[in-house]
Amino acid sequence: MDSNSRQFFEEELVMSKAISRPSDMVFDFDNTSIINFSNTGLMGGFQTIFNTYSCGVTKEQKQFESVVCDFLQVPEILVFPSYEAITADFAANLLNDTDAIIYDEYCNPSLMRGIRLSAAEKLRFRHNDMAKLEDKLKLSQMRRIRMIVTDGIFCDSGHCANLNAIKQLAEKYNALVVVDDSFGFLACGKNGRGSDEHCGIRGFADLKIVNLQSTLKASVGTFVCGDSTLIELLRRRSVSLRYSVSVQRGTIASAASDLQSFIDADAERDALRENVLHLYDVLREMGYNPEKPCANIVSFTLETSADTLREKFLNRGWLCEFYKRGSKTTAVFRVTSKTKF
């Protein structure tokens with residue numbers, strides 16, 4: 001982030017602090033008698049209701065944050081109730097109509113829905129086309145803040161974004177970078193820290209979004225990490241944190257345990273990579289031409305009927321997704337460490 005952008009966000013953070021102050025309290029329900037009552041309709045009974053903004057967080061959520069911070073080597077993260085909550089909030093709460101968002105046309109659909117909620121000008125560039133990205137950066141030079149948004153690993157192809165070129169252009173034109181690394185986290189890079197580690201520029205993005213459902217298959221565990229000023233501004237402005245019920249204690253504790261186990265178990269990470277490479281070899285033997293995978297996604301383009309191919313794979317017990325891009329169809333397999341072929 002350049003000095004002018006930082007100054008803008010720091011001034012807005014000062015204003016946010018003057019208006020509101022989210023609690024930093026950590027709730028330990030084993031040692032407290034505070035209970036809020038809620039009318040649960042036909043179900044009846046009591047329910048503990050609170051949200052992160054006004055009531056703080058649970059000790060289970062702090063445990064999850066600690067696991068992620070230690071693994072990614074970042075000072076702070078911000079946990080959201082769901083992936084849709086963070087995609088809806090990140091742009092709408094950081095940018096206004098004097099700013100511009102420049103995004104890859106193949107970004108995750110949820111990410112693009114969140115981009116549309118922002119008042120900023122929207123500029124789309126051709127998939128992984130750095131010349132087009134530079135054209136959009138030149139076109140928006142009069143804007144206050146310019147934010148480049150891209151997936152780290154694209155969900156509908158398995159392609160890795162050209163993060164090295166994006167980093168150079170962002171520095172040249174003083175733009176922010178937001179990377180959705182949901183399909184790169186744990187599955188990409190030498191130590192599983194994501195697509196930025198795979199490209200050798202770990203931690204360059206101003207904000208990094210991760211959804212554990214994409215690789216770990218955890219029911220919860222969506223978070224954003226990056227620049228501390230932006231994180232604090234999101235914490236104070238996010239509608240999802242203010243009006244949504246906090247993540248349930250049991251599910252966030254389970255996500256923390258599963259994540260820690262995956263990080264500690266070299267065998268499970270090795271199994272994931274072996275399964276990916278095995279599927280790659282099998283598809284080549286079947287006569288297809290899959291692209292060399294860098295994460296847990298194996299894909300190839302086809303000219304034949306997708307319905308026929310889907311049935312063929314289902315007979316083998318394989319689940320395959322198909323994406324239509326122009327005249328071509330892409331078949332996509334998402335592999336886990338438990339997948340067997």
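1. Of the 341 residues of this protein, 53% count as buried. The model is a predicted one. Its secondary structure comes to 13 helices and 12 strands. Contacts between residues 24 or more positions apart make up 68% of those with a separation of 6 or more.

2. On confidence, the pLDDT averages 84 over the protein, and 87% of the residues score at least 70. The stretch to set aside is residues 31–48, where the pLDDT is below 50. In the model this stretch has 13 contacts beyond near neighbours in sequence. Where pLDDT is low, the predicted coordinates should not be read in detail.

3. Seven strands make an open sheet with mixed pairing, and their order is β3-β9-β8-β7-β6-β4-β5. β3 and β5 (121–125) are the edge strands, each of which pairs on one side only. From one strand to the next, the twist averages 20°.

4. Two pairings within this sheet can be given in detail. β3 and β9 are antiparallel and are joined by four bridges, with Leu78 opposite Val224 of β9. β4 (residues 100–104) and β6 (residues 146–151) run parallel, also with four bridges between them. Here Ile102 has Ile148 in β6 as its bridge partner.

5. Although β3 is an edge strand, both of its faces are covered. Ile77 and Val79 are buried on one side, and Leu78 and Phe80 are buried on the other. In a regular strand the side chains alternate between the two faces of the sheet. Helix α3 lies across β3, β8 (207–211) and β9, at about 135° to β3.

6. A second open sheet has three strands in the order β10-β12-β11, paired in the antiparallel sense. β10 and β11 (321–325) are at the edges with a single partner strand each, so one side of each has no neighbour in the sheet. Neighbouring strands here are turned by 25° against each other on average, direction ignored.

7. Two helices lie across the three-stranded sheet. α12 lies across β10 and β12 and runs at about 20° to β10. α13 lies across β10, β11 and β12, and its angle to β10 is about 140°.

8. Which residues have the most contacts inside the largest nonpolar core? They are Phe64, Phe185, Phe223, Leu259, Leu283, Phe300 and Phe313, in a core of 50 residues. At least two core residues come from each of α3 (59–72), β3 (77–80), β9 (222–226), α11 (249–264), α12 (266–285), β10 (297–302), α13 (306–315) and β12 (328–334). A second, separate core has 31 residues, including Leu13, Ile86, Phe90 and Ala120. In soluble globular proteins, nonpolar side chains tend to be buried together.

9. Phe223 deserves a separate look. Leaving aside neighbours within four places in sequence, Phe223 is in contact with Phe64, Val68, Leu72, Ile77, Leu78, Val79, Ile86, Phe185, Lys208, Ile209 and Val210. Ile86, one of these partners, is a member of the second core.

10. The structure holds zero disulfides. For Cys155, the nearest cysteine sulfur is that of Cys107, 9.3 Å away. Cys155 counts as buried because its relative accessibility is 7%, a value under the 20% limit. For Cys294, the nearest cysteine sulfur belongs to Cys188 and is 4.5 Å away. Cys294 is in no disulfide, since a disulfide requires the sulfur atoms to be within 2.5 Å. With a relative accessibility of 17%, Cys294 also counts as buried.

11. Met1 lies in the segment before α1 (3–19). Its C-alpha atom is separated by 6.9 Å from that of Asn174, which is 173 residues away along the chain. Leaving aside neighbours within four places in sequence, Met1 is in contact with Arg6, Phe9, Leu176, Asp206, Asp227 and Leu230.

Conventions:
Residues numbered from 1 in each chain as written. Predicted model: local features only at pLDDT ≥ 70, side-chain atom pairs only at ≥ 80, totals over all residues. Heavy atoms only, no water. Core = buried A, V, L, I, M, F, W, Y, C linked by side-chain atoms within 4.5 Å. Buried < 20%, exposed > 50% of the residue type's maximum accessible area, 1.4 Å probe, protein only. Contact = heavy atoms within 4.5 Å. Pairing = 2+ DSSP bridges. Axes fitted to C-alpha atoms, helices over the stretch in contact; angles between N-to-C directions. pLDDT = per-residue confidence, 0-100.
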